[in-house]
Amino acid sequence: MTETPAVAAPAETARKFNIDTVENAAKTPDTELPWAELGLKQNEFDEVVKVLGRRPTGAELAMYSVMWSEHCSYKSSKNHLRQFGDKVTEEMKKDMLVGIGENAGVTNLGDGWAVTFKIESHNSPSFVEPYQGAATGIGGIVRDIISMGARPVAVMDPLRFGAIDHPDTARVMHGAVAGIGGYGNSLGLPNIGGEMVFDSVYQGNPLVNALAVGVMRHEDIRLANASGKGNKVVLFGARTGGDGIGGASVLASESFDDTKPSKRPAVQVGDPFAEKVLIECCLELFKGSLVEGIQDLGAAGISCATSELASNGDGGMEVELTSVLLRDPTLTPGEILMSESQERMMAVVTPENIAAFEAVMDKWAVEYSWLGEVTDTGRLIITWEGEVIVDVDPRTVAHDGPVYDRPYARPEWQDAVQADSFTGSVQDAGRPSAPADLAAAITELVASPNMCDKSWITKQYDRYVGGNTAMAFPDDAGVVRVDEETGLGVALATDANGRYTYLDPYHGAQLALAEAYRNVATSGAVPMAVSDCLNFGSPEDPDVMWQLAEAIRGLSDACMVLGIPVTGGNVSLYNQTGTTPIHPSPVVAVLGKFDDVARRTPSGWKEDGQAIYLLGTTAAELDGSEWSNMRGHLGGLPPKVDLDAERELGQILINASRDGMVDSAHDLSEGGLAAALVESSLRYGVGARIALQDVLDRDGVDLFTALFSETQGRAVVAVPRSEEIRFTDMCTARGFAHVRIGVVDAEGGTLEINGVETMSLDALREAHEATLPKYFG
Amino acid sequence: MTELPLIGEAVAVAANPRLAGARIGVVTFPGTLDDRDAARAVRLAGATPVELWHAGTTLGDVDAVVIPGGFSYGDYLRAGAIARFAPLMSKIIDAANSEAKLPVLGICNGFQILTESHLLPGSMIKNDHLKFMCRDQVLRVENNTTAWTGDYAAGQEITVPLKNQDGQYIADEKTLDALEAEGRVVFRYVGFNPNGSRRDIAGISNAAGNVVGLMPHPEHAVEAGFGPELGSGTEGLGFFTSVLNKIVGDNK
C-alpha cells in the first residue's frame, strides 16, 4: 500500500511568491516589467510611472493595464461619447434618475417604479469560445442590473455572425445560442427578443451583444461607491480563479491575428447556478438595506471593483489580498487582481450590519470573505500578508486613464461607395416585374438568411419564466409587465444595420435608433430611453475612427430630435480581422413604457375583414436593402432619415394602441413592405388581400419598389371596421400619409397581392422556416 | 428597501370563497425558477400560496405542495439528484406516502425531483434533439381522477408551455406497461413529441393519484396574454382548481 503524499496547505503555497512590494519598487526603479505583454503602450506605461512617482509594482501594473485598456477606459471613444451627455435637454432629463457612468442608467416609470437597462458586447470571447463567451455575456450584464438594486426581469440578445454557409458560422451559432440559452434559462429570466444577422464581414468577428432590464422601487436604487470610514469591504459569490485573466486588455482591446497563440484562457467560464443564487442573495441584501455600496465584478475583476468603489466614495480603501477566496491557490497577486472569474460581487457593509449580512450569505450558501475597510486617506492600499503591494490614488486607476484624440478622416473610398447605387448596377439586372417572378422574389426574400424565421434560435430560450412576458419575438418589441396590479410595463427593441452604417455612418446610426424607436412605438409603448452598444473596428484606423465619430454624432443628434436620452451602453472596438474591420454596427436599444401592457399591439393579423393600412410614403430606396444584399450589392446611400416623421408615426401608433384603434401593427424595415406583409400573415397564419395601386399612384413607384424599398417611417396596421373612421381621421388630422391597401382574409390561407401571383401561406411558411434548420440542423 | 413582490405577485381574483382557506406550499430550492409563477397560479386559482424553503424541516399546515421548475442546484450531477436530499423533501416524501396522501405536484424540475425521490417511477434524460426547447405544447389529459386533474374532462386537450433541456421521459418496458395498465399515464403529448419521451408520456402519477409529475408548465398558462397563444391561454389553471376542489371536498 502506498502512502498518500501530504498535500501542502494552500496557505503555505500561497505565500511562496516573490512579492513585489511598493517598498521594493521604490528601491528597484530599473526592474523590467512586462507592460507591453499586458497591453500597455510605451506612453501609457510612462504615464503610470509619472502618476506614481516610481515604477509600479507587479500588482499595480496589472491593475493599470486592465483598467486603462480600451474596454475599461473608453480611451478612444471618450471624447466623442461626451455628446451623449452634452446633447440633452431638460425635457429629456426629467425621467432620468441615474445617467451614464453608473453600472446602468435608471429611468422613472411612474407609480414609484424605476427601470434600468443596458446593452453590452461580449464579442471577442464569443468568437474564441462561443458557449462560455455568450453565456458570461448574459451573466455580466445581469450583474450590472443587480448592482443598481434592481431585480432583473428579462434579457435580449442581438447577434451578428458570418456568412450562413461558412463552416465556422455553425460553430459560433451553436455555441453562442446554447450559451445564451444555457445561462439565461438557468437564471429564470425570459429572453424576449433580439436580432440575428448573417454577413461575411462578421466572419472572424461575430457580434454577441446582450441586454438586460431590471425593475425596482425608487428608494431601492443602489450606486457603486464606498463611503463611510470604517465600513467593511466584502467579496462574495464564486471563488476567484485563473479564468479570464486579462480578458479586458488582451482579448477585448486588440484585433485578432492568427499568428498569435490561442487566447482561450482569457475567456471566463460561467456558472449560472451561482449567478441565480447571487441574484436572490443580493435582492435579499437590498431588502434588508444591508449594503452601503455594491459593485459587480466584470471586466478587470477586483482591480475594477476596488478602484471604482473607492474613487466613487470617500476615496480610500484598504484591502488584504490574501483574504480573497481562491479556486486556485497558486494565483499571483497580479492574477488575483486581474481575474475575471464570474459570479462575484463586492459590497461595502457597516460594522452593525455584518452579522445580518453573514446570515443572508449563509442562508443562500454563498461564500464570502471580508477583505478590508473604507478609509478617508484617498488612497487605495492593497496588502499581501500585510506588505503593501498597491498604493495608488484610485481615481488614477478608475477614471484618469489615458484619453486619445485618435486621428480620423472620411475614408477615401467613401465617395466611390456612395456613388455606386444598386439601381442600374450589374446586380440589378433582371429586376422582377411579372406576377410569378414577384412571388418568387418575395419567397426568396423571406427565406433569405437575414429575413428567415428565427425560431430555431428563440425556441431554445425560455420566454415564459416570470409569468410577465406580454410579448416576445417575433413581434416588433419584447414587452414585460412590471406591476401586476396596474399592468404598468416596459417594451424593448434593439436594432442595427451594418450595411446602412457602412454606407453612411452618421445616418446609419440614426436609422438604427429610428428603427428601434419605431419598433417600440409599433408595440404601443411610449419610447423613453436609449442604450447603445457601439461595435466597430480598430480606432487606430482613421477610417474606422471616422465611422465611430460620425455614428456617435448621428446618434446623439437623433436622440435630441426624438427627445430620448442615452442612459448607458458600451463600446466594443478592435472588431476586425487583420486590417479588415466589420461594418460599423451601432446596436441601439430603445426602452418604452406601457401604462398597461394589456394594450400591447402584436404584429400579426387575426380578425377576418379588418382593414389594412400602410402608414407613410414609399420612395425608391433600395441601396443597402436586403434585396440588394441578396443580389450581392452594397453601395449607394441608405434610406433617408426623417426623425420628425418617425415621431409622428410613433404618436399615431401609440394613440392607436391606447385607444384600441388597431389590432395589429408591424413596422417596415429590412425587406420593406414585402417582408412585413408576409410576417404579419404568418404570425397567426391569417392571410390578406392586398392592392397597392393607390400607393403606386401616390408615390410614383413601381410594384417591385413598393414591395422591396426600405423607406423609413412606415408601418402596416390592421384596423377593426368600427374604428376605421376614427383612425383615418387621426392620421388626417396629423397630416400623416395613410392609405388602405387591403383587407385581412382569415379564410383563404393565402397572401394575395394584386400584380403578384397568389402565395399560399403554407408555402411561404415552409420557405420562411426551412433556412436555419437547413444550415444548423 | 421595500418589498419587491409585485413582480411575480398576482392580482387577487374573485375566486370561489370555499377555496380561499386552502394553503398550498410552493417549494424553493437554490436554483428554482418558477416558484413565483407557481405561487401566482395558486393565487389565481383562489388559494393561499405558502413559501417553503428547501432547508426547512416542517411543511407547516399546507394542504398540498407544488415543486416548481428550474435548475435546483444547477442540475449538477443530474437534474433533481441533489434536491432530492433536501431536508424538506423527506417531509414531502413522508406526507405523500402517509395515509393523508398529501397532494404533490412536480412541474419540470419538480417532476425530475419526484422521480429522483422515488415518489414516481422512471427518469428524465436529455431531449432526443439535445437542445433546450420552449414551445406551446398540446397535452391530452389521460386520467382525470388524480388530485390534480379532477377539473378536466377525460381526454381533454389542453395547451401549456413546455420548456426544458432534460425532458425525455424514460422507464423500462415493464414499468411503462404497468403505468399504462394502472391508468397512471396522466398526460400525453399530442401532435408532436418534443423530447422523445417513451410512449409520448408527458406526466404520470403514483398509484394513489395524489402525486403527479409532468414536464410541461401549467403554471405558465393561468393568465390570458401571459401564456400560450394557442387556446385560451389559461388551460393550466385546472391543475390548481382541481387540487383545491379535492382538498375542500375531502374536508367536507
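Tutor: Before we talk about distances between domains, keep in mind that domain bounds come from an automatic or database domain assignment, and that this whole structure is a predicted model.

Student: Switching to the inside, which residues touch the most other members of the largest nonpolar core?

Tutor: Those are A:Leu492 and A:Leu513, in a core that counts 317 residues, and helix α22 of chain A, residues 542-562, supplies the largest share of this core with eleven residues.

Student: What does A:Leu513 touch, then?

Tutor: Leaving aside residues up to four places away in sequence, A:Leu513 touches A:Val530, A:Leu555, A:Ala558, A:Cys559 and A:Val588.

Student: Now chain B: how many helices and strands?

Tutor: Chain B has five helices and eleven strands. Its radius of gyration is 17 Å, close to the 18 Å that the globule rule gives for 252 residues, so chain B is as compact as a globular protein of that length.

Student: What box do the C-alpha atoms of chain B fill, and what percentage of its residues count as buried?

Tutor: Along the principal axes, the C-alpha atoms of chain B fill a box of roughly 45 × 40 × 40 Å, and 58% of the 252 residues of chain B count as buried.

Definitions and conventions. Residues numbered from 1 in each chain as written. Chains lettered and ligands numbered in written order. Predicted model: local features only at pLDDT ≥ 70, side-chain atom pairs only at ≥ 80, totals over all residues. Helix = DSSP H or I, 4+ residues; strand = E, 2+ residues; numbered from the N terminus. Rg over C-alpha atoms; globule rule 2.2 N^0.38 Å. Buried ≥ 20, exposed ≤ 12 C-beta atoms within 10 Å, placed from the backbone. Core = buried A, V, L, I, M, F, W, Y, C linked by C-beta atoms within 7 Å. Contact = placed C-beta atoms within 7 Å.
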